[in-house]
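My notes are in the order in which I looked.

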Amino acid sequence: MNLAEYKGVYVFAQQVDNVINSIAFELIGKGKDLAEALGTEVTAVLVGSDVKGLADELAAYGADKVIVVDDPELKEYRTEPYAHALASVIEKYKPEIFLVGATAIGRDLGPRVSARIHTGLTADCTQLEIGDFPINPIPGKEQKHNQLLMTRPAFGGNTIATIACPDFRPQMATVRPGVMQKRDKVEGAKANVEEFNPGFTPDNKYVEILEVVKAVSDTVDIMDAKILVSGGRGVGSAENFKLLEDLAEVLGGTVSCSRAVVDAGWKVKDLQVGQTGKTVRPNLYFAVGISGAIQHLAGMEESDIIIAINKDETAPIFDVADYGIVGDLNKILPALTEKLKAEKAAK
Amino acid sequence: MKIVVCIKQVPDTKGGVKFNPDGTLDRAAMMTIMNPDDKAGLEAALRLKEKYGAEVTVLTMGLPKAEDVLREAIAMGADKGILVTDRVLGGADTWATSQTLAGAIRNLEYDLIITGRQAIDGDTAQVGPQISEHLNIPVISYAQKIEVEGDSVIVERQYDDRYHVLKAKMPCLITALAELNEPRYMTPGGIFDACKAEITVWGRADLKDVEDSNLGLKGSPTQIAKASDKVRKGAGEKVTLDASESVDYILGKLKEKHIV
């Protein structure tokens, strides 16, 4: 493998039902930082059926170029045709870095592609930068420059590791949604599009889709919310979440929850914050009756302001809270909601 | 039907995380368990065995003590256990791990391979799909329901806002979610069988069609640049006040930060 042949930062622009997922814009945003450090460009790879019209949106968020792989076989996500699409793009264009979202799609697609082209893949990254490997020079070992250093949590968020892929290309990472920042949208941007179709011939690895069952949900995606009022086991019951919903309403926020609440059946999984749920970074995160298991902290500790209410003064949530109140949520929440309502009415 | 279930022995990170005086994880002091997603995969295999008749082989790669997790699987109802252990396999990343397991599986007959979606120590979710690629068979990840129909599997594949009902011809690899089922307990008879059971132990020489350059630390494309314990941002203020004082306190902070 001639590593010098591999150039440019590529990102997988995930779309479902011909709507681009926010992770694509986040990857372009981070990709721009990396590309600037390397003196190269960001290319978005858009895969699907009748998706060419979406390319300009990728340009609006900063993609210098968009490669469109458009084929009827790619209408719904399936591992094999999508893996074939990306592996073919990599073989033809030889990117130096390839980023994929750590979504339910990307965490299936990424490993299949990396295994096909024989390179390393670092999962669920929360930080990416260009640097040296080894980080500090080691006598007798070549220190390589301009390497992608990929940082990720492990052991349920107890440790963090920084990984490099010095001898294989592309350097591949899946990136946790909600962590990287998008660039500001430039209205009216036109994409520099290149179409590429490697040919899709169904074989034993093409699975058949018998049915697509969409969950009925009218809730706001908690990853987009600016204010989250999040409840844990301490809320006590599904009914008692009313207290949190009332507070969220007056604040213009959204209710989310911990894993214990999903396990108890009080709330749906879509609202779960944490290692096995979603990563959120709202302006304000209310942690109500949440003890703060390490897996939960991993999903919310990047929030700008964290206010925790818990009756147990030793709860680990207080270790990350900007403002911690030891007290009874059943008394504090209704009174807080009333007072906020009164202030609003007075204006 | 022949089913191979890949399982991993992992430290129990839930609740009982212990640290050394220098702040690093004290793995020796932590209990080990069968990885939860893998256990759900094993349970799914055992249910298929009950429904359709199947031979269930459990496979693990690890240190010699990983034999314990195979015996636990046999006590639950698995038929055979294979431990792949060898010094040269140590330090493997997901590429080298999947090469190792694929090399072991090539010695076996199989219709279905089931792995957990991800292990709670690494959380990568990569090894299952990578094994399927090395074996050139279809993969269905994130399975929340598994049925068999003739020579095919019908699987509900979970996504964020939907699921797909997928049909794949066997042989096929499926990665299981812990939500798939409630794994059974070991039975007294099973524990008795498990104690007596012969565990097959394989080393490097037993792996089929795998080059040395794809194994262990040397065969791992990814390398660790540094590892450290997570630095938390640290606690802010903590107050104990009565309810109405608490409300004023919170309101004050919300105003100070221009949220209201």
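The entries below go from the whole model to single elements.

**Model and numbering.** I am working with a predicted model, in which local features need pLDDT of at least 70, side-chain atom pairs count only at pLDDT 80 or more, and totals for chains, interfaces and linings use all residues. Residues are numbered from 1 along each chain as its sequence is written, while chains are lettered from A and ligands numbered from 1 in the order in which they are written. I noted ipTM 0.89 and pTM 0.86 for the model.

**Chain A overall.** I counted 8 helices and 18 strands in chain A; these are DSSP runs numbered from the N terminus, helices being H or I of at least four residues and strands E of at least two. The C-alpha atoms fill a box of roughly 65 × 55 × 45 Å along the principal axes. Buried residues are 54% of the 347 in chain A. A residue is buried if 20 or more other C-beta atoms, placed from the backbone, lie within 10 Å of its own, exposed if 12 or fewer, and partly exposed in between.

**Sheet in chain A.** I found an open sheet of 7 strands in chain A, with parallel pairing and the order β7-β11-β6-β1-β4-β5-β12. Strands pair if DSSP finds at least two bridges between them. The edge strands are β7 (121–125) and β12 (193–195) of chain A, each pairing on one side only. Inside the sheet, β4 (residues 42–48) and β5 (residues 65–70) of chain A are parallel over 6 bridges, and Ala44(A) stands opposite Val66(A) in β5(A).

**Leu27(A).** I looked up this residue in helix α1 (residues 22–38) of chain A. Leu27(A) is buried, with 33 other C-beta atoms within 10 Å. Not counting residues up to four places away in sequence, Leu27(A) touches Val11(A), Leu99(A), Gly101(A), Val175(A) and Met180(A); contact means C-beta atoms, placed from the backbone, within 7 Å.

**Helix α4(A).** The 12 residues of α4 (residues 106–117) of chain A should span 16 Å at 1.5 Å a residue, and the end C-alpha atoms are 16 Å apart, which agrees; the expected span is 1.5 Å times one less than the number of residues. I found 10 of the 12 residues buried, so α4(A) is largely enclosed by the rest of the structure. His118(A) follows α4(A) and has a positive phi, near 55°.

I then traced an open sheet of 10 strands with mixed pairing, in the order β13(A)-β9(B)-β8(B)-β7(B)-β10(B)-β6(B)-β1(B)-β4(B)-β5(B)-β11(B). At its edges are β13 (208–214) of chain A and β11 (199–202) of chain B, each with a single partner strand, so one side of each has no neighbour in the sheet. β13(A) runs antiparallel to strand β9 (residues 162–169) of chain B, joined by 6 bridges. Val212(A) stands opposite His164(B) in β9(B).

Technical notes
Two residues are in contact if their C-beta atoms, placed from the backbone, lie within 7 Å.
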